[in-house]
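This report covers selected salt bridges and strand pairing in one predicted model. The sequence and structure are shown first.

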Amino acid sequence: MALYNNSVLNVTNTATPDPYVIHANDNYFLTFTAGDRVEIWCADSLLNFNDRCSKHVVWRPPPDTDYSNDVWAPELHRLQGRWYIYVAACNPHKGNKSHRMIVLGGPPAYQDPVQGPWEFLGPIRDMDQRQWAIDGTVIELDGQMYFVYSGWPFDNPNESDLIQRLFILRLSDPITASSPAVEICRPAEPFERTGDHHINEGPQYLASPDGSWRGIAYSCSGSWTNEYKMNTLRFRGGDPLNPGAWGKSMNPLVQTGTNGNGPWGPGHGSFMHIGDETVAIYHATDGPSDGWNNRKARMQRVVFNDGGPFMGGGVGVLTDVHTFMGADHGSESHSSKKHGIKGLLHKLLD
């Protein structure tokens with residue numbers, strides 16, 4: 001396998017936990033956990049979110065509702081001709097145990113999502129509202145939409161927050177479930193645990209540019225620790241609602257590196273194809289004991305080999321864009337001279 005350059009770039013210089021980035025209409029749009037609102041940042045380059053972007057609050061929940069507090073991990077999706085945001089929120093009087101997924105409906109897809117207007121559409125129709133649910137994302141497999149999220153086990157009478165698993169359900173349209181939820185991943189491995197917390201969360205669709213590998217990257221272990229990391233589930237084919245259609249990797253995709261200088265605790269990211277390159281945009285902290293502070297968006301390459309997606313196993317050295325561009329160790333099998341990582345960064349700088 002060719003040498004892999006795991007250099008890391010800052011995408012933001014302020015805390016933007018749970019970053020989700022989408023490219024549309026010649027712009028890049030970033031959403032993240034702001035806590036009391038849903039905010040979209042707009043820039044003409046991934047590298048301009050630091051100082052050359054516009055920031056738009058598109059929804060702020062009214063007080064004293066089931067969705068007024070702890071607004072977590074919004075994701076912006078363009079589906080069937082309209083913009084949608086999927087986000088978790090809870091009742092301020094009931095706390096975390098009341099977290100559920102809700103949907104916001106935005107403008108037509110041909111408009112920029114920051115133009116609005118945005119409306120509250122409520123929970124996904126026909127999704128079981130008895131289950132705690134966060135970190136929902138919409139994926140498409142073989143022409144069918146699915147909703148994947150992190151949830152507590154259905155059999156959880158004491159409403160314990162110690163176990164989070166991954167679930168999937170089929171969608172008939174962007175706001176309606178057409179199947180019950182099925183568990184597809186549980187945190188059974190030691191690297192998915194922090195103390196007595198067993199956590200799978202932050203699922204994101206990930207595929208190779210040629211589609212030969214398809215699956216889900218997810219975060220595991222405690223997000224408040226430097227043990228936070230990402231792992232993968234490979235979609236083996238068949239019915240995605242069959243748990244056997246998913247195979248878990250036993251080697252984390254990315255975790256805190258061995259350089260001793262951070263960033264630390266990479267997790268809950270999103271993935272983008274730009275040309276024939278793939279990049280992960282995840283949050284990671286400045287220091288090893290930052291907890292939930294300083295979770296800034298970072299960018300790192302993803303390459304695909306016979307074993308699937310590869311990110312060197314760990315976070316690389318935080319560097320500047322020129323070093324990042326100049327340190328391309330890829331081969332023709334991973335990236336051509338014309339469309340390699342240097343070409344990718346030139347596109348980002350344009």
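## Salt bridges at Asp286

Lys296 forms a salt bridge with Asp286, with 2.9 Å between the closest N and O atoms; a salt bridge here is a side-chain nitrogen of Lys or Arg within 4 Å of a carboxyl oxygen of Asp or Glu. Lys296 belongs to strand S23 (residues 296–305), and Asp286 to the loop between strand S22 (277–285) and S23, 10 residues apart. Strands are DSSP runs of E, at least two residues, numbered from the N terminus.

Asp286 also meets Arg298 in a salt bridge of 2.8 Å, N to O. Arg298 lies in strand S23, 12 residues from Asp286. Arg298 counts as buried because its relative accessibility is 0%, and Lys296 is buried at 14%, whereas Asp286 is partly exposed at 34%. Buried means under 20% relative accessible area, exposed over 50%, and partly exposed in between (1.4 Å probe, protein chains only).

## Other salt bridges

The count comes to 13 salt bridges. Among them, Lys97 and Glu159 meet at 3.7 Å, N to O.

A network of salt bridges links Asp36, Arg37, Glu39 and Arg60.

## Strand S8

Eight of the nine residues of strand S8 (residues 100–108) are buried.

## Basis

Residues are numbered from 1 along each chain as its sequence is written, and side-chain values use heavy atoms, leaving out hydrogens and water. In this predicted model, local features need pLDDT of at least 70 and side-chain atom pairs count only at pLDDT 80 or more, while totals for chains, interfaces and linings use all residues.

Methods:
Helices (H or I, at least four residues) and strands (E, at least two) are DSSP runs, numbered from the N terminus.
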